[in-house]
Amino acid sequence: MRTQLSILALGLAVGGCALESEPDAKHETSTGGTGGSSVSTGGGWSSGGAAGAAGSAGAAGSGGAAGAAGSGGAAGDTGIGGTGGTGATGGSSSTGGTGGTKTNDCPRVEVSVAAGATLNVRPTPATSGAAVGTLANGDIVDVLAQVQGEAVSGNTLWFQIPTPKGYISAAFASCTLKQPPVATTPDGYYLPLKCGTSAKIAQGNDGSFSHQGKAFYAYDFSIPLGTPMVAMADGVVKYLYDKTGPGDPCYNGGGSSCYPYANYVVLKHGDGKLTTYKHLNKVSVTLGQKVKRGSVIGLSGSTGYSTGPHAHVMRMDDCGQYSCQSIPLKFVDVGGDHVPNTGQVVTSGNCP
Ligand SMILES: [Zn+2]
């Protein structure tokens, strides 16, 4: 138990840096007013000179002039001007809104960061507060309000979002009318192995080796390197890590220092819960991809903190990041109480 706690502590300490790093906000190059053309209705800056002046300054600074000037009209009646978010990737658009307001043309934002990177959700519209969660590239989240905050890449606009509750910089999110992908409610969870594949549970729930605390409800499947891992239910790829490759010291099993370097895939399901598939040799899905139950998400391996080829699988609450508290996971295709024990051999009924 003491060992487990220290492993968790290490994972949190190191993982927080290696896996959830915010894109280098201060050095991110602004791509300039992409929203401009879609918000050409114009409309005055009803908030008056101050906002106008700020808009001009922004335009001069990074060239997203259309984004800044065009979107003002929509919010004119509020006297605040500037949804700005439509030009969110443009530095200048950020100077549009002078205060928090919700406008109909920006009900949601879509996150735009490098593949594999995550965007931090902050408790206040500034990069100084500890992140309360993260979002992945392509995530679409509701917008509660648009507010001004710390300039990120010259963009001072931030979006207040409900889940995870906090703020994200408009330097990495743009207004969208698109709906987030909807995962169908799963008809229960099935084993993460191809239909007909058998495997032994090397460690079940409440396992004495490492399945305690956050990983209390985890399962380790003893399977050969390269065994296809499949989705336990329909879902959407929410997080992944695939940077540990051949030649890496944490590729073929490693000690606790390798904890942050396990390749993994995390899916989000229709019931709002997550499932994780860890120690993968290869990841074969991309962020935001919709996957059907039984479809391959990667190949098993021994990456990260691992003593040999196996797959670590668990179901988790969605806490806004890739690693959350595990929750009970029952497999439809396992008999009895649907909770296989350590040493039990199971055969996948995860069939089309
Ligand atoms: Zn495990």
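**Close-up views of a zinc site and a β-hairpin**

View A. With a relative accessibility of 9%, H312 counts as buried, where buried means under 20% relative accessible area, exposed over 50% and partly exposed in between, for a 1.4 Å probe and protein chains only. D220, at 8% relative accessibility, likewise counts as buried. This is a predicted model, in which local features need pLDDT of at least 70 and side-chain atom pairs count only at pLDDT 80 or more, while totals for chains, interfaces and linings use all residues. Residues are numbered from 1 along each chain as its sequence is written, and side-chain values use heavy atoms, with hydrogens and water left out.

**View B. Protein donors of the zinc ion.** H211 (NE2), D220 (OD), D220 (OD) and H312 (ND1) lie 2.0 to 2.8 Å from the zinc ion; donors are N, O and S atoms within 2.8 Å of the metal (3.2 Å for Na, K and Ca), and because water is not among the atoms, sites may look incomplete. In sequence, the donor residues follow the spacing H-x8-D-x91-H. Since D220 belongs to strand β10 (residues 219–222) and H312 to strand β20 (residues 311–316), the pair ties together parts that are 92 residues apart in sequence; strands (E, at least two residues) are DSSP runs, numbered from the N terminus.

**View C. The hairpin of β6 and β7.** Strand β6 (residues 155–161) pairs with β7 in the antiparallel sense over four bridges, pairing being assigned if DSSP finds at least two bridges between two strands. The two strands form a hairpin with four residues between them, and F159 stands opposite I168 in β7. Strand β7 (residues 166–169) is covered on both faces, with G166 and I168 buried on one side and Y167 and S169 buried on the other.
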